[in-house]
Amino acid sequence: MQSFLASLRLVVATMLISVVAYSAVVLGIAQLLTPATANGSLIANAQGQVVGSKLIAQKFTEPRYFWPRPSAVDYNAAGAGGSNKSPTSTDLTERATGTVAAYGATAANPLPADLAAASGGGLDPHITEQSALYQVPRIAAARGIPAAGIDELVARYSFAPGGILAPDRLVNVLELNLALDQMAPAS
Amino acid sequence: MTFNAILYVLLIVGGSALLSWPLGRYLKWAMDPAASAGGGNRWTRAFQAIGGPLTLKQQNWKQYLLALLAFNAVSFTVTVLILALQQYLPLNPDAKGELDPSLIFNTAVSFVTNTNLQHYSGEVAMSYASQLGALMWQQFVSAATGIAALAAMARGLAGRTNMGNFFVDLQRATFLILLPLAILVAILLVFGGMPMTLQGSAIATTLEGIQQTIARGPVAAFTAIKQLGTNGGGFFGPNSTQPFENPTFWTNVLEAIAITIIPMACVWMFGRIVGKMRHAGIVFVVMAVLMLTRIGFAVWFEQTPTEAFNTLPIAQNVGNLEGKELRFGAAAGPVWAVLTTSTSNGSVNAMLDSLNPLTGLMPMIGMWLNEDFGGVGVGFINMFVYIVLAVFLAGMMVGRTPEYLGRRIEAYEVKLAVIATLSHSFLILGLAALFAATPWGTAVLNNVGAHGFSEILYEFSSSSANNGSGFEGINDTIFTVPWNIATGLVMMLSRFIPIILPLAIAGSLAAKRPAAESAGTLGTESGTFGVMLLVTIVILGALTFFPAAALGPIAEHFQFYH
């Protein structure tokens, strides 16, 4: 019985210190020093409307935009998830067949693998630089602007996420699309 | 294996190993201040004031264990209450509703036992009150329970019949170890771009005019202790693959180090309490060898491109990217998969179900062995069981009575050690067999054939190892009542049996008269001992689990890759 009383005292103490005080300290520091990222790295347009989060992929299907990686949850940012399919699964072959068709990839011009593989959370905000360049001809045609300018934009927005430790260059799809709209406002 | 993959492994494993040395010294100071001088006693008095009269006296192993179980019973009840009442509690901006009773049972057991197996998706099912008050709270106190148990066992093996006081130890581990580290890591994560807010979901209108609801919350505080306490339960359903729970390459590195650092430091803490640092060093090397071997294989196997794309016009010049995030780099997925299962953490940064079949075997082996470096505190306790067996086997070989740390290992201790290892394998293999043979298992699978069997095997391995990761193909949303109850029971048994029995062994050893070392004693500070331990672990693990591995990942590999 005494053990239970002592346990209850510990419950109260740990709740107050390691839940309430701890959360309050971290919350206070985050909201004071980094409010933008602390609230989800939201991006607003010129009118002040939230158009998405820098960290969260959103759905793009129109030819004039860069498209993100496939999402097993259809870019549901309130219920993320992966396909959880084995890499040997025929379900994946089926899904990728659809992706290949959407991009019109051919053996001569194969699709970069990251555009065919769904990410873990279904919300990966990035594609590889190579995958962005792969989409440039389609976007240039849809917008009726020269491809060279878009290539240059991709190069400007690409980055290596971990320097020498992860040298493959990536681009953030939403940021790139916003820059694209800035460069040549959609008609 | 490429140059930057090797560099990446060096950074994470080497970095954790280096940091674990000073941290181990600190852990000893925090958990066992009796022998060291200074401020330790001031803290002890404060913790005694908080805990009340029962904290004043020293406990023998039985009293210590009863106190541990009593606290776990109380904290389980509190967790159940918060989860069951979440729809009435504050901090629920997205109006999360009622949870299913079998899910509440499973989740409460899962977090009390430091497992963090999740049969729900955090951002879908849980209010902020549940996330912080029930789940994050348990991530502190369940981890502290493990550290306390190890400190007690180490005191026993140091020859003290009084193992300390659980109620004081739990506070030491929570307030002196986990809390300061969690504050540090959480702040770094905040600066890495992780959300920390109590606002509900944000609504965005995408460039193509679609409404997107973006779940967020107090992620940074939660994620810090999730990693440090080898808990692993994600704030979001897909854990640290969700960009909010792991925004950049560098947060990923930080989280990976946070996963391994306390389990590594626990080895040094043990060495300092029993006063055998060379012995601790040998055990550390054995653990590191086992872990690095699996990391090497995992990174290697994962370089094979996605088999399902082979017939399509898709460039196959990179490894398998299904279920992976690009920002972490190529090696991050398989490395983390091994770290998280070596340490009983269970968080993921890539979907384990979508790993290549043989890569997926590596995390399973980690959970079957469950001791390199294992969960905070309990990892070394599991290793202790293997040490007892190794010492016993070595003793049998040379025909002398085996000894460990100057005390004789006899039939009673060996029996308990055998029961501890057998219960782990029995619960995994027995229940995987049961669910594989009945619709309970077969009806909810996401993949067919050998991979489907792997999903079942993984789920019970994860439950019994108190790991919590999953081949998530067994869809969280369709987990049924039999799964919730069966995995709940496995988690409970596999948490407490491997704490109770080793404490009993330590208690029994502490009560014996020290035996003088003779020429027949296997010195536990020698390389020979390290090899003996390694062989014992590999043979026991391989013999027990090889048949099941052959039916799952190995069968799948040979079916598709010739």
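Guide: Here is a walk from the pocket to the contact of the chains, then to the charged pairs and the cavities.

A word on the ground rules: this is a predicted model, in which local features need pLDDT of at least 70 and side-chain atom pairs count only at pLDDT 80 or more, while totals for chains, interfaces and linings use all residues. Residues are numbered from 1 along each chain as its sequence is written, chains are lettered from A and ligands numbered from 1 in the order in which they are written, and side-chain values use heavy atoms, with hydrogens and water left out.

The largest pocket has a volume of about 800 Å³. Its lining is made up of 40 residues, and those nearest the centre are A:Asp168, B:Val318, B:Gly319, B:Gly329 and B:Ala330. Sorted by class, the lining of the largest pocket holds 22 nonpolar, 12 polar and six charged residues. (On a 1 Å grid over the protein atoms alone, a pocket is an open set of points with protein on both sides within 12 Å along at least five of seven lines, whereas a cavity is a set where a 1.4 Å probe fits but cannot get out; lining residues have an atom within 4 Å of a point. Points are joined across faces, edges and corners, and the volume is the space filled by probe spheres set on them. Helices, H or I with at least four residues, and strands, E with at least two, are DSSP runs numbered from the N terminus. Ala, Val, Leu, Ile, Met, Phe, Trp, Tyr, Cys and Pro count as nonpolar, Asp, Glu, Lys and Arg as charged, and the others, Gly among them, as polar.)

Leaving aside residues up to four places away in sequence, B:Thr340 touches B:Ile259, B:Asn345, B:Gly346, B:Ser347 and B:Asn467 (contact means heavy atoms within 4.5 Å).

Next comes the place where the chains meet. Chain B brings 104 residues to the contact and chain A brings 95 residues. Together they bury about 7,800 Å², with 69% of it on carbon and sulfur atoms (the accessible area, 1.4 Å probe, that two parts lose on being put together, summed over both). On the chain B side, B:Leu207, B:Glu208 and B:Leu326 lose the most area to chain A, together 10% of what that side buries. Two salt bridges cross this interface (a side-chain nitrogen of Lys or Arg within 4 Å of a carboxyl oxygen of Asp or Glu). B:Glu322 and A:Arg95 form a salt bridge whose closest N and O atoms are 2.7 Å apart.

Over all chains, the structure holds 19 salt bridges. In chain B, B:Asp169 pairs with B:Arg172, the closest N and O atoms being 2.9 Å apart. Both residues sit in helix 7 (residues 166–191) of chain B, three residues apart, or about one turn of the helix, and both are buried. Shared partners link this pair into one network of salt bridges that joins B:Lys28, B:Asp32, B:Arg155, B:Arg160, B:Asp169 and B:Arg172.

Chain A has pairs of its own. A:Lys59 and A:Asp74 form a salt bridge at 3.1 Å between the closest N and O atoms. Both lie in the loop between strand 2 (50–53) and helix 3 (90–103) of chain A, so the pair ties together parts 15 residues apart in sequence. A:Lys59 is partly exposed at 30% relative accessible area, and A:Asp74 is partly exposed at 45%. A:Arg64 meets A:Glu62 in a salt bridge of 2.8 Å, N to O.

The largest cavity has about 90 Å³ of space and 14 lining residues, with B:Asp94, B:Lys96, B:Met126, B:Tyr128 and B:Arg216 nearest its centre. Helix 5 (122–125) and helix 6 (128–157) of chain B each supply at least two residues of this lining. The second largest cavity has a volume of about 40 Å³, and its lining includes A:Ile56, A:Phe60 and A:Asp124.

Terms used: Buried means under 20% relative accessible area, exposed over 50%, partly exposed in between (1.4 Å probe, protein chains only).
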